[in-house]
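Below is a short briefing on one protein chain, to be read with the sequence and model in view.

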Amino acid sequence: MTAIRALARLKQTLAQSLPYCGGTFELPSDSFELYYGRENAKFLNLSKTANNPDALNSLQSACEPAQFGRHTETVLDETYRKAGKMDTSEFLVRLDVVKSGLLDVVCSSLLSGDKSRRSVTAELYKLNVYGEGAFFKPHTDTPTNSNMFGSLVVVFPTPHSGGTLVLRHHEHEWTFDSAKLLAGTSNRFAYAAFFSDVEHEVTPVTSGHRINLTYNLYWADLGLDGIVLSTQPDGVNVLQPPSANATDVGRILSEVLEDSSLLPAGGTLGFGLRHAYPFPRTWDPAVDKLDPLLLLPILLKGSDLALYDACDALGLEPKLKFISETDDKPVLLDRAVQLSVMEIEDPEGTMLREHNGVVVEEVGADFEPSEEDIGKSVRPVHWVTRVGAINKLASTYIHYGNEGVLSHLYMTPCLTVEVGPVGARQTSRAK
Ligand SMILES: O=C(O)CCC(=O)C(=O)O
Ligand SMILES: [Fe+2]
């Protein structure tokens, strides 16, 4: 009973971590300047256009209709996305998200633990103009490579109503109402940043113009420390507190392990991760030397990272795995398996024989192996956080993205950790 309660607290702590952050950011007037148009260059200061809808209408007319990704194609369908877009080759903005300190604020809010110290790059992706009636239905932003982990949206203080950004992850939903945050201001940007696997939509703009920049966020320099401001610059209003708290997760996990009713004889704890990660859609073990699953520890986000770090710190060895739901029992895989291999006649047998797969069986928190369990080839696992459909190795699914590139697929692996018997839980050296 106590183990169940302790595990429930761990589950709750892992689920509390927010996959987004947002706020407003005050900057000097020239930061709102925009130059656009190649032949007939135009200049606008978007902090000074409150009484100049004509200037905003001209900007809107200079945009092209925004497309989006449906599965592998990039399509135009104004019943799904109605907005104007401008490519980066067509405009220049004065705003510098690095020099202004905005990227640091985003990193220290969104990233947890050591990751907030790692270098991140923000690549300007598009300028969008949402006039009255414009919207973008639910989608996730399309990953173009494995280092992309999120998106940053920066909204200019042009008067508008509607155009709320709605974010969804697991069973949670959050709204980011740039119109309200910016009402009556002309010297602030509203910003929201979220992990790439967060589904989001922009509700219809009901008046005015919602003008925003989008940036792709990448891990810049894997393994190297980045520079993060220790103090917040003036004029920042952060709506969300910093995300996942590795210290809390570590403290609760350690209490869980002290509980003698949890796997008294030791065993395997399993966690379905909360975030999806971009994996190359195809990879050839003979050519691409590094298994994409081996790179995953340095790509972990939010509470997934907090959990991984907490296990490490407690002397447990966290392992990242794929789980494949076959007709019979799920199979755990410790490597990425080329998807086409799964399409052959006996995928389960192939995974077990050729890919080191292990059949797993779900057991309760108080599981102790009996005589007949010993020597069985199935691995008993107590799942602390559920593995669901999202954790399964997916080969095809309809994907609504912001682009039709499908070089990468989102997949949500799971984490397993071996724990020793009560009193001797550590299975590796604590860090
Ligand atoms: O403007 C926003 O808030 C989000 C836009 C968006 O989701 C996109 O461009 O992919
Ligand atoms: Fe998007």
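In which strand does Lys85 lie? Lys85 is part of strand β8, residues 84-87; helices (H or I, at least four residues) and strands (E, at least two) are DSSP runs numbered from the N terminus. The model is predicted: local features need pLDDT of at least 70 and side-chain atom pairs count only at pLDDT 80 or more, while totals for chains, interfaces and linings use all residues. Residues are numbered from 1 along each chain as its sequence is written, chains are lettered from A and ligands numbered from 1 in the order in which they are written, and side-chain values use heavy atoms, with hydrogens and water left out.

**Whole chain**
- The chain contains nine helices and 29 strands.
- Of its 431 residues, 52% count as buried, where buried means under 20% relative accessible area, exposed over 50%, and partly exposed in between (1.4 Å probe, protein chains only).
- Among contacts (heavy atoms within 4.5 Å) between residues at least 6 apart in sequence, 80% join residues at least 24 apart.

**Lys85**
- Lys85 counts as buried because its relative accessibility is 11%.
- The side chain of Lys85 makes a polar contact with the side chain of Asp87 at 3.2 Å; a polar contact is a pair of N or O atoms within 3.5 Å, and within protein one must be able to donate a hydrogen and the other to accept it, with residues adjacent in sequence counting only if both atoms are side-chain atoms.
- Leaving aside residues up to four places away in sequence, Lys85 touches Cys63, Glu64, Pro65, Ala66, Lys126, Leu127 and Asn128.

- Leu294 sits in helix α6, residues 292-295, and counts as exposed at 58% relative accessibility.
- Leu299 lies in the loop between α6 and α7 and counts as buried at 7% relative accessibility.
- The C-alpha atoms of Leu299 and Asn147 are separated by 7.2 Å, although the two residues are 152 apart along the chain.

**Helix α7**
- Helix α7 covers residues 302-313, and its end C-alpha atoms are 17 Å apart, which agrees with the 16 Å that its twelve residues should span at 1.5 Å a residue; the expected span is 1.5 Å times one less than the number of residues.
- Ten of the twelve residues of α7 are buried, so the helix is largely enclosed by the rest of the structure.
- The buried residues of α7 include Leu305, Leu307, Tyr308 and Asp312.
- Just after α7, Gly315 takes a positive phi of about 80 degrees.
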